Amino acid sequence: EGIQLAQEVFNESINQERHKKGIIWDDMPVNSLFREVKVVFQWCWKYRLRKKAEITARVFQNIVMGVVFGTLFWQLGFDEWYLKAMLFAQMPGFMQAGGIGEVPKLVQERPVFYKHSYGKFYSAATFAFCQFLVQAPFTIFDALCFGNLLYFMCGLVLEPGRYLIFMILSVTFGMCLGQLLRVFVYSVRNESAALVSAVLLYLLFLIFSGGIATPDVIPAYYKPLFWLNPTAWIYRALAINEFKSDKYGGKGEHTCSFELTFNGQSKQIEVPERCGDFFLRNRQFETDEKYVGYSFLVLSAFTILFLGMTTLAQAYVRFGRLYTHDLTEEEEEIITKERSMSKANMSQIPVLSRRASLNVVPTTLVFSDLWYSVRIGPRISSNDNTVDLLKGVSGFAKLDVLAGRKNTGKIKGHILVNGKPPHRHQYKRVVGYVEQFGVHAEQSTVYESLCFSAQLRLPENSQRYKYEFVDEIMELLELDSIQDVQTRKLSVEQNKRLTIAV
């Protein structure tokens, strides 16, 4: 009865996994929400700070482009309001173009999240939220670095309130765009598709922002692209914030006189309204300052929406194999060479003789009559259109079936954990899967990778013993001598030992 029950439970898990398309079995939380967010945020923050080359390049980019904008639009005068309008249209475009460069790198780092998600390190919502928090200080820095150069060099209105609104809008827009780009990172198949999608969106935002074609010129069937365009909202808000200041006429003024130069000829223009209102109407923008507040609310709503879309994409969208890749011939040769060299030292590997740090309960995995096949032809009753894969090529499908990673085909047989049927929420705790070449965060060290795994996957009440347990595991797998080495510098064999340790 026990074996029969084991078969029913295991096949039920496989069927549920087949429908979930890659969603992990273990859906039971281990850590409290606060602790999970704290650990993941600290890891994301440290990982981001280690990208010194990218941070340096971003600072250089902001300074150079700030100086370029500042010298191009140097100290614009009152009569050069049309150039200020152009400046407000170009500024969001630069901020968006600067963020597109991060897309390929974020796609390359996606397999690390897949691995952590499959191993139940944290939830998709936690990771998306922590990435959002880590993004905030860098977005604020970008706005201060680029925005200050542009604001003071271009001669925008010198009022503390207007300056503060300018910075708040810049930061909010930066957060909105950064989150939107992450939607593409986790919802398209590869780097090329993500980059093309981001560039296409950049062009659409630019065309329908109101800078190239004013709102009244845009056809009715394209109007949704204007009203649902974050670039259009910040363009409108920046223009209203500038031209509604007293510099362009007080509230009681009803006339405006300014000089217009065209083809080398100057002409004095007078209009029966505030200068600032005339400048806004010329660009077909509203003259009510309430639209500045509306813009902030809309950008904030877009940011929340994109954060939710990123979370859903991280939770439910997967491309290709979860987090492994086929080895090249060169990698195969390296593995074979290092494996033969390590066999001579197998007898010298230390055995973990003490379990003082954690109460480790031994686990026994038993399987019998295990059979897995996939259909290769039409759905007919004959057995001629199936292939028995567990008797095929060495290593093919066997470990995937035992690890519960197969979501296609048909599985029969018996699997028991400590003599009992494996429940879904327990199976992932006792069965690990080591890939041919493990995927780890490139900027993290060996010790940090193990500590991160221990903090999120070991029982929360064992906090005081986790670091001792990490030290024991490193000693057992001979990782203590390379504990401060970043994972991107590890050899194939060292990478595999780290994967086992994690």
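# Exercises on a predicted model

Among contacts in the protein chain between residues at least 6 apart in sequence, 78% join residues at least 24 apart. The model is predicted, and the exercises below treat selected parts of it.

## Exercise 1. The chain as a whole

State how many helices and strands the protein chain has, and what percentage of its residues count as buried.

Solution. The count of secondary structure elements comes to 19 helices and five strands. The protein chain has 502 residues, and 47% of them count as buried.

## Exercise 2. The largest cavity

Find the volume of the largest cavity and identify the helices that each supply at least two residues of its lining.

Solution. The structure holds three cavities of 30 Å³ or more. The largest cavity has a volume of about 340 Å³. Its lining consists of 25 residues, and Arg 58, Met 95, Thr 139, Asp 142 and Gly 174 lie nearest its centre. At least two lining residues come from each of helix H3 (52-72), H4, H5, helix H7 (124-153) and H8.

## Exercise 3. Glu 242 and Phe 152

Decide whether Glu 242 counts as buried or exposed, then carry out the corresponding analysis for Phe 152.

Solution. Glu 242 lies in helix H11. Its relative accessibility is 2%, and therefore Glu 242 counts as buried, the cut-off being under 20%. The side chain of Glu 242 makes a polar contact with the side chain of Lys 84, at 3.5 Å. Apart from neighbours within four places in sequence, Glu 242 is in contact with Lys 84, Phe 88, Leu 156, Val 157 and Tyr 248.

Phe 152 lies in helix H7. Because its relative accessibility is 43%, Phe 152 counts as partly exposed. When residues up to four places away in sequence are not counted, Phe 152 touches Gln 75, Leu 158 and Tyr 163. Phe 152 and Tyr 163 are eleven residues apart in sequence, and their C-alpha atoms are 9.8 Å apart in space.

## Exercise 4. Positive phi values

Locate Gln 284 and Glu 478, and give the phi of each.

Solution. Most residues other than glycine have a negative phi. Gln 284 is not a glycine, yet has a positive phi of about 60°. Gln 284 lies in the loop between helix H12 (275-282) and helix H13 (290-316), and at 26% relative accessibility Gln 284 counts as partly exposed.

Glu 478, which is not a glycine either, has a positive phi of about 55°. The loop that holds Glu 478 runs between helix H18 (466-476) and helix H19 (492-501). At 38% relative accessibility, Glu 478 counts as partly exposed.

Methods
Residues are numbered from 1 along each chain as its sequence is written. This is a predicted model: local features need pLDDT of at least 70, side-chain atom pairs count only at pLDDT 80 or more; totals for chains, interfaces and linings use all residues. Side-chain values use heavy atoms; hydrogens and water are left out. On a 1 Å grid over the protein atoms alone, a cavity is a set of points where a 1.4 Å probe fits but cannot get out, and a pocket is an open set with protein on both sides within 12 Å along at least five of seven lines; lining residues have an atom within 4 Å of a point. Grid points are joined across faces, edges and corners, and a volume is the space filled by probe spheres set on the points. Helices (H or I, at least four residues) and strands (E, at least two) are DSSP runs, numbered from the N terminus. Buried means under 20% relative accessible area, exposed over 50%, partly exposed in between (1.4 Å probe, protein chains only). Contact means heavy atoms within 4.5 Å. A polar contact is a pair of N or O atoms within 3.5 Å; within protein, one must be able to donate a hydrogen and the other to accept it, and residues adjacent in sequence count only if both atoms are side-chain atoms.
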